[in-house]
Every structure is written in structure tokens, then in C-alpha cells.
Amino acid sequence: MIDETIEKPPVNPVKSDKVGAEQFHNVNTFRIALTGNPNSGKSCLFNALTGLHQHTGNYPGVTIDKKTGWFSLPGKNIRAEIIDLPGIYGLTPGSEDETITYKILTGLEKGVQLNLAVVVIDASKLKRSLFLCSELIDRGIPVVIALNMVDVAENKGISVDPEKLSAELRVPVIPVNAKKQAGIQNLVQAVSAAYRAAPVTFPKPVADNSPGNAGRTIQRYRKISEIVEACVKISPRSDRIVPIVLDYLVTHKFWGYFLFLTVLFLIFQAIFSWSSYPMDLIDSSFIKLRIFLRQILPAGLITDLFTDGIIPGIGGILMFIPQIAFLFFFIAILEDTGYLARVSFIMDKLMRKIGLNGRSVIPLISGAACAIPAIMSTRTIKNRKERLVTAFVIPLISCSARIPVYILLVSLIIPSEEKIWIFNMQGIVLMAFYLLGVIAVTVTAGFLRLMVSSKEPSYFIMELPEFQVPQWKTVGLTILDKVKVFTVEAGQIILAISIILWVLASYGPGDSMEKIEKRYAGKEFIGHLNEREASVMKQSEKLSASWAGVLGRKLEPVIEPLGFDWKIGIAIITSFAAREVFVGTMATIYSVGDISNQTLRNRMAMEINPGTGKKQYGLPVCLSLMVFYAFALQCMSTIAVMYRETRHWKWPLLQLCFLTGIAYLLSFITYQILS
Amino acid sequence: MKADEIQSHPVKFRSLKNSGSFQIKFVLGFILVITILLSNCSILRKKEKCDCPKTGSINAPSISPKGGVKYMAGCPRHNWISHQNTLIRVDDTMVYYPIFVRYKSLFITNGLRKLSDLKKGEQGKIAYLTDDEVSQKLLVMGCLPGETVIIEKTAPLGDPIAILISGYTLSLRRQEADHIFISG
């Protein structure tokens with residue numbers, strides 16, 4: 001597939017009108033590609049060059065973020081657009097990110113025409129870094145080298161002569177320190193000096209993964225060795241002790257896993273409990289906003305849409321921000337320090353057994369708090385197949401939204417006093433459901449490994465970078481970026497679905513809604529009820545008469561084999577907004593015709609099944625419902641985020657059908673065995 | 001009577017235990033001696049069979065493959081290959097020519113080790129990589145023939161290994177390390 005695209009000649013900018021227009025557009029922008037090996041401080045330099053003038057988009061058809069930024073060239077009144085490409089080692093298309101980098105650097109990506117490539121080179125690994133650089137020079141791309149990490153190299157006793165390197169390679173070499181933001185101005189000057197208005201036209205590219213290429217690679221490296229020998233002086237230096245000890249500890253048989261568990265515990269605490277404070281704040285302020293708007297706006301359809309549809313929808317999106325921010329705070333630090341690579345190093349064998357990668361561990365564990373940030377964090381997995389499988393199974397881990405549902409249902413089947421030795425029985429059942437999720441992940445991932453075909457083989461060839469102090473600016477920008485992506489891209493879908501759900505829950509067929517309004521408007525009907533009770537009853541009657549109620553009744557024959565009635569059917573539909581809505585919906589439904597002010601639990605416990613004359617919420621129904629909630633993809637935000645991460649509706653829909661199908665099957669088995 | 005029994009029991013027990021441990025020690029020692037002898041023999045035999053001109057004796061095992069070349073033998077320890085009665089020095093680029101790659105089994109039998117067989121702390125020089133996609137990836141990352149590798153560590157569960165190569169740490173799975181052959 002790659003070969004075909006390679007054979008295509010590059011688009012001729014003059015002949016096609018469309019591209020011609022693009023060329024015109026390009027007159028005042030100077031396109032620069034920022035490229036280099038992974039861990040060479042490329043992103044750091046990108047942030048130093050552009051600051052907040054950056055934007056994350058996406059390449060068409062693939063799931064790799066396209067980061068572009070701007071800075072102005074001194075004295076020329078020209079804006080330079082810089083593209084931060086994924087880190088690669090050589091111009092060999094392989095994985096998704098390597099292919100996209102390859103395409104852009106060789107001019108095969110339509111609409112992206114480069115004027116210049118800035119290659120970030122790690123001075124402490126000069127030989128390996130120069131490989132990519134030499135390939136670019138050979139292809140005739142104008143190159144400016146940013147010689148980064150000179151200080152790291154000097155600590156190791158490696159001193160590089162930039163002038164000599166520049167003379168050997170015949171390209172400008174600018175020493176920079178991306179971390180301390182030193183030398184940035186010199187780099188901008190060099191870029192400015194290299195300014196050429198016309199984009200590079202590439203010679204017809206040759207397929208680089210042809211047989212016999214290995215020999216060429218070796219010959220290229222031999223030449224690079226000569227250059228390196230000419231401009232590098234090595235003096236023996238003792239290793240620094242702290243990184244060595246740290247490295248020993250984090251990959252140790254016992255301490256490695258112990259530290260990993262501690263880190264996981266911290267992450268889990270952060271997204272589980274610390275983020276609940278800002279989340280509650282967002283929640284309560286949105287409730288206040290709703291009340292306020294309802295007071296100042298005239299009653300009517302538009303106001304209802306605003307206060308009951310759009311505002312709670314936006315609130316539901318913003319609710320996830322604290323969790324996303326916390327998770328990416330940790331992930332950015334772990335990635336930046338080089339710890340994440342070591343976590344995958346110690347976990348790879350375990351995870352490979354179920355078809356995943358060592359990097360799948362953190363997304364899976366954070367899935368226990370919330371699937372949304374967890375699915376977003378699967379980006380750190382490089383292999384497409386492993387990333388897809390991980391994202392696919394994350395919703396099987398019981399997330400925090402399922403806890404209210406579990407607690408309500410467990411309290412119905414097990415009295416809170418029941419204990420086994422000193423352990424509370426309810427707690428044991430809850431834990432069993434978490435374990436069920438873990439088992440489901442193992443089984444499903446093992447199954448999917450066989451189902452999902454992939455041309456891209458699973459590799460674990462990666463650098464273990466040295467330990468570093470994290471860059472707070474990078475961490476901050478990562479968080480900002482992730483939050484922005486979620487609210488803008490996944491948020492649109494979430495908002496649309498929440499408006500649909502609102503319409504379903506507040507409108508009914510024909511004039512059923514008006515009839516209820518009228519009935520409650522008449523004073524004599526309310527009789528002995530006070531105002532609050534009357535409004536609660538009106539709400540629940542409206543819900544059962546709405547489209548959601550109609551749908552719930554229509555669903556009844558489908559969900560009857562699971563032991564569910566139409567009331568549960570309604571709750572299943574509305575809890576698509578978020579799983580915990582189940583409890584609220586049940587509370588609303590069960591307030592119909594009930595004036596005893598009982599708690600929902602007691603009310604549900606008293607419910608008698610008219611068909612059998614037994615308790616409706618006995619062991620079979622409750623367990624079946626819990627199993628259903630453990631497996632079903634009952635979350636529109638997960639679907640939205642899955643779409644955003646895979647760029648295709650195929651995956652979220654497949655996930656929805658597959659997981660809900662499993663949920664149905666297992667609830668069916670549970671109910672039929674128990675009843 | 002009973003008192004005697006009680007007294008005699010510990011003695012009996014002790015003597016049994018002693019004789020048992022003596023047997024085990026004897027067997028273990030015997031096995032050890034035999035293994036040492038056997039391993040020495042095999043080392044000696046290997047030395048004798050070296051067909052390298054440096055050691056003098058040309059006792060080349062001949063293989064007749066399907067391809068155009070009729071006879072081939074070599075000594076990877078000294079990087080020589082005999083090809084159609086001429087001895088060729090094995091160059092690091094040369095091992096990539098298809099004809100040599102086809103005889104990689106010869107290299108393995110003649111004392112080259114896979115990188116995955118090396119233990120923690122051991123080091124060696126890369127002799128060649130088997131030619132496929134993995135090795136292309138490894139080459140680009142600096143795993144070149146002639147480079148010195150040190151096994152820095154293995155993951156606690158034994159699988160991915162970390163090697164020190166050209167100034168940095170690279171981690172790779174054992175199945176990927178199978179593609180790298182080490183001499184020395």
C-alpha cells in the first residue's frame with residue numbers, strides 16, 4: 001500500500017488550479033517541518049518557538065494529531081508556519097506516525113508543501129540523530145540543524161563542534177537549549193536566512209524499503225561515522241549516580257512494581273477523589289445557572305431547550321475536564337521524565353499475553369475512574385491495533401459512574417448488616433463486579449487480538465530515554481491541548497446527543513403532555529397534596545408519557561427475558577447520558593402515585609411483580625441489571641470520544657453493538673439461571 | 001524397652017539422614033564432573049573443526065544448497081568464508097547479500113550466538129542481522145554490524161531486554177533480539 005503512494009509523482013503545483021490557489025495562499029507563509037528522533041527535545045523546542053501560538057488539528061484519515069504553530073521571521077514581515085512532526089529515526093514508512101512523517105517530508109501529503117526542515121539533533125546521540133538528517137539532505141530538502149542537548153552531551157564527556165559539523169554537512173548548525181530556551185533567537189535568524197519563497201519541489205521519490213536497503217543503511221552509517229569522528233571529542237566522564245539508581249529501582253523485580261502501584265494509586269486518587277471537588281463545583285454552578293436562567297427568561301419552548309437541554313449538556317461536557325486535566329497532568333509528567341517507557345518495559349510481557357502493549361496499563365487502570373480520559377490517553381500506544389483494542393476494552397472496566405447504580409441495586413439484594421467475618425457482604429459483591437470487569441477485559445482483548453487484522457506488526461523496539469526533570473511548560477500545554485480537543489471535538493457530539501435525549505424525555509406523542517399539564521393545573525385534582533409533591537408526581541407522569549416512556553414500553557418485549565420491565569427500559573434509555581442518571585430516573589418514575597415519601601430503595605424493595613406476585617427487585621432482576629450495567633456501553637461521551645480518537649464511526653458503533661450484545665447475553669443467562 | 005526405643009530412634013534417624021545427604025552429594029558431584037568433562041570435550045572439538053586459515057586446519061564442512069553456489073564453509077569467529085575454493089573476508093556489508101544470508105544456519109552452528117541468548121551484563125559485537133523488516137528498523141536505530149552491545153538489564157518478567165548500544169539504551173523483545181547475531 002505504501003509502495004503505491006510512493007510511486008505516485010508529487011502533485012505539480014502549477015498545472016492544477018486547486019493546488020495553484022493553495023500556492024497563492026502560501027505566498028506569505030513559510031512552511032517549516034520540525035523533525036527529529038523521539039526524545040530529542042523536539043516538542044520542547046516547538047513550544048519554545050511558538051509559545052501559545054499553536055493549534056492541534058488532525059491529518060485526514062489517520063489518528064495522529066497535527067500540531068502546527070506560528071512565529072514571525074524577523075525583518076521580513078513573514079509568518080512562519082511550523083509543523084511538529086511525530087518523532088522518527090529514518091525515512092522508512094512503517095507505523096502510522098512514521099508514514100505521515102515520511103509523506104510530509106517527501107512531499108507526498110497533498111496540501112502540505114514544505115519550504116524548510118528544521119532537524120532537532122541530540123548531541124549526546126549524534127550518530128543516530130544524523131541518520132535522519134542525512135536522508136533529508138540527500139533528498140534535497142533545505143535543512144537547518146538545531147543541535148540540542150549540548151549540556152547533556154557535555155556531562156557525558158561528549159563535546160561536539162557545531163562549526164565543523166556545519167562545514168562537513170554543508171548546512172547551518174545552530175546549538176540550542178530547548179529546555180532553557182537558549183539559542184532560540186539564533187535558530188530563528190538561521191531559518192530567516194534560509195528563507196526561500198518557493199516551496200521545495202521534490203525529485204521523484206524512490207521506495208526506501210526495497211530489498212538491499214540494509215546495505216545502503218550500513219554504508220550511510222559508515223559515512224556518518226566519519227563525520228562524527230571529525231567533529232566529536234570524547235573524554236571519559238563518570239556517570240551520574242541518581243539516574244542510575246532510579247533506573248535500577250523502577251525496573252527492579254520488587255521495587256519496580258511497588259513504585260508502579262504507588263504511581264497508579266496516586267493517579268487513581270487524583271481522578272477518583274481529588275477531581276470530585278472541581279466536578280462538584282462545576283455541577284452546582286450549572287444548576288445555579290439553570291435556576292437563574294429559568295427565573296429571568298420567559299417560560300416557553302426555547303427557554304426549556306436552554307435550561308433543560310443545552311445547559312445540562314454543556315455541564316455534562318465540562319464535568320469531565322477535571323478528570324482529563326488530572327490524568328494528563330500525570331501522563332505528561334510520566335512521559336516527560338521517561339518513566340512511562342520503563343513502565344511499558346516492565347509490563348510488556350504481561351500485557352502482550354492478552355494482545356496489548358506495555359503502554360496499555362495506564363489507560364486501562366484509569367478506566368476505573370472514567371473511560372473518557374482513559375480512551376484519550378491510549379494515544380501513547382504507538383501500534384494502531386494495540387491502541388484500538390485497548391480503547392475498545394476500556395469501557396468494560398467499571399467506571400465511577402457505575403458505582404451509584406451498583407450501590408442501589410446491591411442494597412436491594414443484600415442487607416447492609418450482612419457480613420462475612422469482618423467484611424461487609426455488600427462491599428464484597430461490589431468488588432466482585434470490579435473483578436468481573438477485569439476478567440471481561442482479559443477475555444475480550446484476547447478475542448479481539450484474533451479478530452482485528454493488522455498489517456503493522458507489533459514491535460517493542462524503543463529507546464529507554466534517560467531520566468529527566470519534567471518540563472512544566474510542556475506539561476501545562478499538554479493538559480490545555482487535551483482539554484481543548486475534548487471540549488471542542490467530542491463535546492459537539494455529546495451536546496447533540498444530550499439534546500436528543502432531552503427531546504425524548506420531555507415530549508410525548510400527540511397531546512399527552514398537555515393533558516397531564518391540564519390535569520395538574522386543576523386545583524381539585526391535587527386535593528390533599530402539597531405543591532412539591534404535586535410537581536414531583538407531574539414530572540414522573542410526564543416522563544412515562546414522553547417519547548422515552550413510549551420507547552421504554554416498546555423495549556419491554558426485548559428486555560423482558562432479562563427480567564426488566566418498561567420502567568427499567570426508560571431508565572436504560574435516559575442513562576445513556578451518563579450511567580448514574582439511572583438512579584435519578586428510577587426515583588422520578590417511582591414517585592408516580594406514591595405519596596408516602598419513601599426513599600427510592602424502600603420503594604423499589606416494596607415493588608411487587610404483577611405477573612408472578614413475587615418481589616420485582618429480587619436477586620434475579622438486580623443481579624441481571626448489574627451485569628447489564630457492567631458490560632453495556634451506556635455512555636454517549638464514551639462513544640463521542642471513541643469517534644474522536646479513531647476518526648471513524650465504525651469503531652464506536654462496533655463497540656456499542658458488541659458490548660451491549662455481550663451485556664444482553666450475560667444478563668439473559670444470569671436472569672434465566674436465577675429465576 | 002520403651003526408653004531404649006526412644007533413645008535409639010534419634011540415632012537411627014540421624015544416620016539415615018546422613019547417608020541420604022551423602023548419596024545426593026555424591027550424585028551431584030558426579031554429574032558436575034561429567035558435565036565439565038563433556039563441555040570441555042565439545043569446546044575442544046569445536047577448536048579442532050575450525051577451518052579458518054588462521055588456525056591452519058582446513059576441514060571445511062560442505063553444504064550444497066539449491067542456489068548457484070556449490071560449496072561453502074566459513075569460520076565466523078575469524079570472519080572468513082570459503083566460497084568456491086576462495087576464502088573471502090566477511091565484510092559487514094557483505095552479510096546482507098542474499099547468498100550469505102541463505103547460509104545463516106552455518107553461522108549459528110559455528111558458534112555465533114543470538115543476542116537473546118546473552119545474559120545480563122554480557123557483551124559482544126554484532127555480527128549480522130537477519131534480513132527482514134525488523135532488522136531494517138534495528139539498523140536505522142543504530143544496531144549496526146561491528147557495534148558493541150551490552151545487555152544492560154532484562155525486565156523483571158524476563159522478556160523485554162534493554163541493551164546499551166551506540167551511547168543509548170534500547171529496549172526490545174526477545175523475539176526481536178533473535179534477529180541479531182553476536183560474535184565474541
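The model is predicted, so local features need pLDDT of at least 70 and side-chain atom pairs count only at pLDDT 80 or more, while totals for chains, interfaces and linings use all residues. Residues are numbered from 1 along each chain as its sequence is written, and side-chain values use heavy atoms, with hydrogens and water left out.

**Interface**

- The contact (heavy atoms within 4.5 Å) takes 37 residues from chain A and 36 residues from chain B.
- About 3300 Å² is buried between chain A and chain B, with 60% of this given by carbon and sulfur atoms; buried area is the accessible area (1.4 Å probe) that two parts lose on being put together, summed over both.
- Of the area that chain A buries against chain B, F345(A), Y459(A) and I461(A) supply 21%, more than any other three residues.
- Five salt bridges are counted between chain A and chain B, a salt bridge being a side-chain nitrogen of Lys or Arg within 4 Å of a carboxyl oxygen of Asp or Glu.
- K127(A) forms a salt bridge with E147(B), and their closest N and O atoms are 2.6 Å apart.

**Helix 15 of chain A**

- Helix 15 (residues 339–352) of chain A, where a helix is a DSSP run of H or I with at least four residues, numbered from the N terminus, has 12 of its 14 residues buried, meaning under 20% relative accessible area (1.4 Å probe, protein chains only).
- Among these buried residues are F345(A) and I346(A).

**T169(B)**

- T169(B) counts as buried because its relative accessibility is 12%.
- T169(B) touches residues of both chains, including M462(A) and E152(B).

Definitions and conventions:
Chains are lettered from A and ligands numbered from 1 in the order in which they are written. Buried means under 20% relative accessible area, exposed over 50%, partly exposed in between (1.4 Å probe, protein chains only). Helices (H or I, at least four residues) and strands (E, at least two) are DSSP runs, numbered from the N terminus. The expected span of a helix is 1.5 Å times one less than its number of residues. Lists of a residue's contacts leave out its neighbours within four places in sequence.
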